Amino acid sequence: MQRLTPEELKARKKRNLAIAGALVGFIILVFGVTVLNLKRNLDAREAAIAAGQPVGYAG
């Protein structure tokens with residue numbers, strides 16, 4: 001096994017931080033989209049109840 005030079009270690013750390021940042025950003029994006037969809041569904045349900053339409057559950 002070959003030892004890495006300080007420059008290679010620094011490059012690896014920078015690359016790992018970039019990957020970690022991208023992963024955290026993706027997780028935040030998925031969470032945000034999920035929350036927005038849940039809110040949209042709740043708003044649609046409230047509007048349907050206010051309009052007197054029957055609201056059922058899937059399942």
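These questions and answers go through a predicted model, in which local features need pLDDT of at least 70 and side-chain atom pairs count only at pLDDT 80 or more, while totals for chains, interfaces and linings use all residues. Residues are numbered from 1 along each chain as its sequence is written, and side-chain values use heavy atoms, with hydrogens and water left out.

Trainee: How many helices and strands does the protein have?

Mentor: Helices (H or I, at least four residues) and strands (E, at least two) are taken as DSSP runs, numbered from the N terminus. Helix α1 covers residues 6-50. The count for the protein is one helix and zero strands.

Trainee: What radius of gyration does the protein have, beside that of a compact globule of 59 residues?

Mentor: The radius is taken over C-alpha atoms, and the globule rule is 2.2 Å times the number of residues to the power 0.38. The C-alpha trace spans about 70 × 20 × 5 Å along its principal axes. Whereas a compact globule of 59 residues would be near 10 Å, the protein has 23 Å.

Trainee: What percentage of the 59 residues is buried?

Mentor: Buried means under 20% relative accessible area, exposed over 50%, and partly exposed in between (1.4 Å probe, protein chains only). Phenylalanine 26, at 52% relative accessibility, therefore counts as exposed, and glycine 56, in the segment after α1, is exposed at 63%. Buried residues make up 2%.

Trainee: Which residues make the nonpolar surface patch of about 580 Å²?

Mentor: Patches are made of residues with over 30% relative accessible area and no salt bridge, like charges being joined within 9 Å and nonpolar side chains (Val, Leu, Ile, Met, Phe, Trp, Tyr) within 5 Å. Accessible areas come from the Shrake-Rupley method with a 1.4 Å probe, and for residues only the protein chains shown count as cover. The patch is made by Leu23, Phe26, Ile27, Leu29, Val30 and Val33.

Trainee: Which side chains meet in a salt bridge?

Mentor: A salt bridge is a side-chain nitrogen of Lys or Arg within 4 Å of a carboxyl oxygen of Asp or Glu, and the structure holds one. With an N to O distance of 3.2 Å, the pair is aspartate 43 and lysine 39.
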